[in-house]
Amino acid sequence: MKKIAIAVTLLSVLAALIVHQRFRIVLTQFGDGSPPPLLDAQDEGADVTWHDDYYIVQALDAKTFAIGEPRYLQQNFNYLIIGTERALLFDAGSGYRDIRPVVEALTDKPVTFLPSHFHFDHVGNRVEFERVAVIDLPHLRDRAPNNELQLTWEEHLGSLEGYDPPTLKIDEWLEAGSLLELGDRSLRVIFSPGHTDDSVSLLDAARGYLFSGDFMYPGPLFAFLPNSNMGDYLQ
Ligand SMILES: [Zn+2]
């Protein structure tokens with residue numbers, strides 16, 4: 001009887017451990033702790049230019065650029081949105097290749113970096129940006145009393161490709177629903193949780209653009225990650 005009780009206890013502990021670590025166990029299927037090998041370069045179309053052998057640039061208009069990483073496994077797009085006073089870089093890839101030279105080739109305005117959310121393939125990791133903006137949410141503010149936000153494993157997931165969670169030094173907190181002014185151009189800051197609990201989208205109503213990060217894109221949407229919430233997504 002005693003042996004059965006010990007076995008049940010051990011199994012219970014093991015089950016609790018597996019439940020607690022379920023995300024780490026599942027996510028090891030998606031990365032082995034080092035950056036994935038680059039994909040072969042493809043013809044990306046006539047309206048796309050290669051900045052180098054890694055980044056492509058597509059002009060949506062004279063002041064709006066999609067900066068793509070077609071050879072990176074995640075095939076991210078980052079957006080440079082330029083006003084008369086300053087420019088905004090919305091996402092910065094994983095930092096596999098520093099995105100700043102691409103940005104500097106497209107604008108001489110001061111650039112503020114805003115991650116759509118904190119997954120490792122959006123925050124630029126080891127790349128340091130001059131100015132950083134983050135959506136103003138209580139659960140983020142509480143963790144950044146000195147405007148320094150240390151990302152957690154759960155919200156970053158960079159161990160999949162060997163990146164430690166970085167600390168973001170925040171210059172600007174953006175209130176949800178507010179207008180972000182770039183000079184003769186403003187973007188509505190939209191809190192769009194679901195993929196993560198801190199995801200932000202940007203609406204450029206004058207030009208008819210919605211920049212949505214990982215909240216919405218062509219392909220399977222991820223709503224099972226550690227700080228995802230399917231209920232938020234559906235709302
Ligand atoms: Zn993501």
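## Pairing, and an example

Two strands count as paired if DSSP finds at least two bridges between them. With that in hand, take a look at this predicted model. Arg 188 stands opposite Leu 203, a residue of β13. Those residues sit in a pairing of β12 (residues 186-191) with β13 (residues 200-204), which runs antiparallel over four bridges.

## The four-stranded sheet

Zooming out from that pair, β12 and β13 belong to an open sheet of four strands. Reading across, the order is β11-β12-β13-β14, and the pairing is antiparallel. What stands at the edges? There you find β11 (179-181) and β14 (209-211). Each has a single partner strand, so one side of each is left without a neighbour in the sheet. From one strand to the next, the twist averages 30°.

## The eight-stranded sheet

There's also an open sheet with eight strands, and here the pairing is mixed. Its order goes β1-β2-β3-β4-β5-β6-β7-β10. At the edges are β1 (48-50) and β10 (172-175). Why is one side of each left without a neighbour in the sheet? Because both β1 and β10 have just a single partner strand. Going from strand to strand, the twist in this sheet averages 25°.

Which residue in β4 is the bridge partner of Phe 65? That would be Leu 80.

How values were computed
Residues are numbered from 1 along each chain as its sequence is written. This is a predicted model: local features need pLDDT of at least 70, side-chain atom pairs count only at pLDDT 80 or more; totals for chains, interfaces and linings use all residues. Side-chain values use heavy atoms; hydrogens and water are left out. Helices (H or I, at least four residues) and strands (E, at least two) are DSSP runs, numbered from the N terminus. Axes are lines fitted to C-alpha atoms, for helices over the stretch in contact, and angles run from 0 to 180 degrees between N-to-C directions.
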